[in-house]
Amino acid sequence: MTFRTLPITARQLQATEARLQAIYDAAKRGLRGDNLALAAGMLPIEFRRLCEMDPMAALAEQKGRADAEAELAKVMMDAALAGD
């Protein structure tokens, strides 16, 4: 998505599987707030509305963060156990 293709007005969005996956992926990469929304293909206002209307959107964000933290914790634990 380029700047020229950004929508001018907020659209009505649904928490489709693809939309939830985009939110999850952006959250897993460590993005938050407006940057997460834009990386997931939404305007920030759209993301906030979607989270209010459908708790699955907020859960997808939380799950992405949790999975990223778990992966990092495993890397750190493996390194510590290996003597690093």
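Colleague: How many residues apart are Lys-74 and Asp-78 in helix H4, and about how many helical turns separate them?

Modeller: Keep in mind that this is a predicted model. The closest N and O atoms of Lys-74 and Asp-78 are 2.7 Å apart, and the pair forms a salt bridge. Both sit in helix H4, and their spacing there is four residues, or about one helical turn.

Colleague: Is Lys-74 buried or exposed?

Modeller: The cut-off for exposed is over 50% relative accessible area. Lys-74 has 53%, so Lys-74 is exposed.

Colleague: And Asp-67, which forms a salt bridge with Lys-63: is Asp-67 buried or exposed?

Modeller: Those two both lie in helix H4, four residues apart, with 2.9 Å between the closest N and O atoms. Lys-63 is partly exposed at 44%. Buried means under 20%. Asp-67 has a relative accessible area of 19%, so Asp-67 is buried.

Colleague: Which helices does the salt bridge between Arg-48 and Asp-34 link?

Modeller: Their side chains meet at 3.2 Å, N to O. Arg-48 is partly exposed at 42%, and Asp-34 is partly exposed at 41%. The two are 14 residues apart and link distant parts of the chain, helix H3 and helix H2.

Colleague: What is the helix pattern along the protein chain?

Modeller: The secondary structure comes to four helices and zero strands. Read along the sequence, that gives α-α-α-α.

Colleague: Which element gives the largest share of the largest nonpolar core?

Modeller: That core has 13 residues, and Ile-23, Leu-36, Met-42, Phe-47, Leu-50 and Ala-57 touch the most other members. Two or more residues come from each of helix H1 (17-28), helix H2 (33-39), helix H3 (44-53) and H4. The largest share is four residues, from H1.

Colleague: Leaving out residues up to four places away in sequence, what does Leu-36 touch?

Modeller: Leu-36 is among the core residues that touch the most other members. With those sequence neighbours left out, the list is Ile-23, Ala-26, Ala-27, Leu-31, Phe-47, Glu-61 and Arg-65.

Colleague: Which residues form a nonpolar patch on the surface?

Modeller: Look at helix H4 (residues 55-81), where Met-76 lies. Met-76 is exposed, with a relative accessible area of 52%. Together the patch has about 310 Å² of accessible area, and its members are Leu-72, Val-75 and Met-76.

Technical notes
Residues numbered from 1 in each chain as written. Predicted model: local features only at pLDDT ≥ 70, side-chain atom pairs only at ≥ 80, totals over all residues. Heavy atoms only, no water. Patch = residues over 30% accessible without salt bridge, like charges linked within 9 Å, V, L, I, M, F, W, Y side chains within 5 Å. Areas by Shrake-Rupley, 256 points an atom, 1.4 Å probe, with all protein chains shown as cover. Buried < 20%, exposed > 50% of the residue type's maximum accessible area, 1.4 Å probe, protein only. Core = buried A, V, L, I, M, F, W, Y, C linked by side-chain atoms within 4.5 Å. Contact = heavy atoms within 4.5 Å.
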